[in-house]
Amino acid sequence: MMMIIAEFFVVILKVLWAFVTAGARWVVRPKEKSVTGQVCVITGAGSGLGRLFAKEFARRRAVLVLWDINSQSNEETAEMVRQIYHETETPIAKDGPVGGVEEVPAFQPQVYTYVCDVGKRESVYSTAEKVRREVGEVDILINNAGVVSGHHLLECPDELIERTMVVNCHAHFWTTKAFLPKMLELNHGHIVTVASSLGLFSTAGVEDYCASKFGAIGFHESLSHEIKASEKDGINMTLVCPYLVNTGMFKGCRIRKEIEPFLPPLSPDFCVKQAMRAILTDQPMVCTPRIIYMVNFMKSILPFEAIVCMYRFLGADKCMYPFLAQRKEAMNNNEAKNGI
C-alpha cells in the first residue's frame with residue numbers, strides 16, 4: 001500500500017513537471033532540429049498545404065518524396081522544390097592540397113515524385129515499396145492528403161462518403177503500416193498527422209469530413225500511446241489541427257460577419273509555418289490559432305445546449321451552408337453544361 005501511495009506522489013510530481021515544461025515552451029522557444037538529408041514523404045503534395053510543407057522542408061535541405069494523385073500538379077511542386085534547392089545551395093570551404101582553400105559542393109538533396117492514390121491500399125503499399133527501393137528508408141511521414149465531399153448528409157452519395165473516410169482517415173493506417181516498422185527498428189522517425197479543428201469539434205453539414213478527421217485524430221493519439229508503450233523515444237508524433245485554412249477547400253464558409261474579423265480564415269503560409277515550428281521542436285500537438293485549445297477544452301466541460309448557444313452566437317452552427325450551396329450550384333452548372 002505504501003508503494004502505491006509513494007508512486008502516486010511521484011506521478012503527481014511528473015504531471016506538475018509536464019505542466020512546467022509545456023509552459024516553458026510558450027516562453028522560451030525550443031531549438032529546432034535539423035532535417036538536412038532526411039527523407040520526408042508528403043502525401044497530397046501537389047497543392048495546398050502539402051505544397052507549402054514541401055517548400056518548407058526543401059529550405060531545410062530535406063530529401064523530398066512527393067505523393068499526389070495528380071501527376072501534373074505534383075511535378076509543379078517538385079519544380080518549385082528544385083528551385084529552392086538551387087537558391088539555398090552553399091559550397092563548403094575546405095583546406096586545399098597546397099594550403100589554399102577550395103570550395104566543395106555541399107550535400108545536394110533530391111526530390112522524387114510518385115503518383116499515388118492514398119485512397120487505395122494497394123497503391124499505398126506498392127508506392128511505399130518503390131520509395132524504399134529507389135530513395136531509401138523514410139525518416140519523416142507527413143499524412144496531409146485530404147478531400148471533402150461538399151454535400152449535406154442526406155444528399156451525399158455513399159461513394160463520396162466512403163472516399164472521404166478512406167482518404168482522410170484509412171490512408172493514415174496504410175502509410176503508417178508501410179513506414180513505421182523500419183522507424184521502430186531504427187528507433188528514429190517522425191509521423192505528422194495533418195487533421196483539422198473539425199476533428200476536435202464539429203459543425204453541421206460536413207458529417208463525413210468531421211467523422212474522418214475525428215478518426216484520424218483518434219488513430220494518431222492511439223498510435224502515440226503505442227509508441228510510448230514500446231519505449232521508442234526516438235520516434236516523435238505531431239498532430240496538426242488548424243482552424244479554417246484559406247486554401248479554397250471550404251470556399252464560401254462564413255461565420256457571423258461581426259465575429260469574422262476576429263477569427264478570419266488562416267493564411268496557408270502562416271498555418272504551415274506554425275506546423276513546421278511544432279514539427280522541428282518535436283511538439284506533440286499544435287492548434288492554430290491558439291484559441292482552438294480553449295474551444296476544445298470548453299467543449300469537453302460545457303453541457304451540449306450551452307455549446308449550441310455559443311455556436312449560434314458565433315454563427316458557427318450553419319457556417320458551412322454557404323459552402324455547400326456553392327458546391328451544389330457548381331455541380332448543377334456542370335451538369336447543365338454537359339447536357340445532363
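This is a predicted model: local features need pLDDT of at least 70, side-chain atom pairs count only at pLDDT 80 or more; totals for chains, interfaces and linings use all residues.

Analyst: Residues are numbered from 1 along each chain as its sequence is written, and side-chain values use heavy atoms, with hydrogens and water left out.

User: Is methionine 1 buried or exposed?

Analyst: Methionine 1 lies in the segment before helix H1 (2-27); helices (H or I, at least four residues) and strands (E, at least two) are DSSP runs, numbered from the N terminus. Buried means under 20% relative accessible area, exposed over 50%, and partly exposed in between (1.4 Å probe, protein chains only). Methionine 1 has a relative accessible area of 75%, so it is exposed.

User: What is the span of helix H7 between its end C-alpha atoms?

Analyst: H7 covers residues 268-280, which is 13 residues. The expected span is 1.5 Å times one less than the number of residues. That gives 18 Å for H7, and the end C-alpha atoms agree, at 18 Å.

User: Which elements do the buried residues of H7 pack against?

Analyst: The buried residues of H7 include Pro268, Cys271, Val272 and Leu280. Contact means heavy atoms within 4.5 Å. The packing partners are helix H2 (48-59), strand E6 (140-143), strand E7 (189-194), strand E8 (235-242) and strand E9 (285-288).

User: Which residues does leucine 49 contact, leaving aside neighbours within four places in sequence?

Analyst: Leucine 49 is part of helix H2. Its relative accessibility is 13%, so it counts as buried. Leaving aside neighbours within four places in sequence, the contacts of leucine 49 are Asn144, Val194, Val245, Thr247, Pro268, Cys271 and Val272.

User: How many disulfides does a search of the whole structure find?

Analyst: A disulfide is a covalent bond between the sulfur atoms of two cysteines. Here the test is a pair of cysteine sulfur atoms within 2.5 Å. The search of the whole structure gives a count of zero.

User: How far is the nearest cysteine sulfur from cysteine 309?

Analyst: Cysteine 309 is in no disulfide. This residue counts as exposed, at 54% relative accessibility. The nearest cysteine sulfur is that of cysteine 319, and the distance is 17 Å.
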